[in-house]
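Hi there,

Here is the structure I promised to pass on. Have a look at it first, and then read on for what turned up.

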Amino acid sequence: MAEGELRQTGRVIELKNELAVVRFQRSDACGHCNACFHFGSTEADIEIENTCDAVVGDIVTIELHSGSMFKASAIAYGIPLIGLIVGAALGSRIGDIYAAVGGMLLCGGTFFILRGLNPRFDRMREFKPRMIEIVGHEDQKAE
């Protein structure tokens with residue numbers, strides 16, 4: 001495994017055209033992202049390109065570059081935070097209530113801009129986990 005790569009093993013639970021839905025146990029590396037979290041569960045699902053031609057029940061290894069996780073987090077949280085700070089700073093020149101409103105408006109605005117750019121981010125391979133191998137099938141017994 002290359003340095004900076006995060007690997008996780010999971011089970012294919014569903015196929016959707018060229019995609020596989022992989023369920024895995026959330027690890028500490030997931031942090032509090034909650035992007036693929038099931039409420040009240042320690043499991044997570046992720047849709048991933050089925051590059052290994054896995055079938056339902058296959059146990060697969062997925063990989064994500066840790067630098068990509070940092071960049072995605074910086075974009076998702078950092079840009080709205082900057083909007084909040086800039087909006088509050090600009091609004092505070094007029095008054096306290098304007099600081100609160102300005103911060104919320106700019107923070108919300110950056111959130112909706114990022115949400116609008118989501119299809120573009122989805123096409124970027126850098127932020128996508130990769131299926132790298134099939135390691136078994138759920139019906140196989142450990143020997």
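A residue is called buried under 20% relative accessible area, exposed over 50%, and partly exposed in between. C52 has a relative accessibility of 23%, so this cysteine counts as partly exposed. C107 comes out at 24% and therefore is partly exposed too. As for disulfides, the structure holds zero.

Please keep in mind that this is a predicted model. The mean pLDDT of the protein is 81, and 79% of the residues score at least 70. Among the elements, helix α2 (residues 96–122) has the highest mean pLDDT, at 90, while β3 has the lowest, at 83. Where pLDDT is low, the predicted coordinates should not be read in detail.

The largest nonpolar core has eleven residues: V12, A20, V22, F24, A44, I46, I48, A54, V60, I62 and M131. At least two residues of this core come from each of the strands β2 (19–25), β3 (43–49) and β4 (58–65). In soluble globular proteins, nonpolar side chains tend to be buried together.

One more residue to look at is T61, which sits in strand β4. Is T61 buried or exposed? Its relative accessible area is 6%, which is under the 20% cut-off, so T61 is buried. Leaving aside residues up to four places away in sequence, T61 touches R7, Q8, T9, R130, M131, I132, E133 and V135. One of these contacts, M131, also belongs to the largest nonpolar core.

Best wishes

Conventions: Residues numbered from 1 in each chain as written. Predicted model: local features only at pLDDT ≥ 70, side-chain atom pairs only at ≥ 80, totals over all residues. Heavy atoms only, no water. Disulfide = S-S within 2.5 Å. Buried < 20%, exposed > 50% of the residue type's maximum accessible area, 1.4 Å probe, protein only. Core = buried A, V, L, I, M, F, W, Y, C linked by side-chain atoms within 4.5 Å. Helix = DSSP H or I, 4+ residues; strand = E, 2+ residues; numbered from the N terminus. pLDDT = per-residue confidence, 0-100. Contact = heavy atoms within 4.5 Å.
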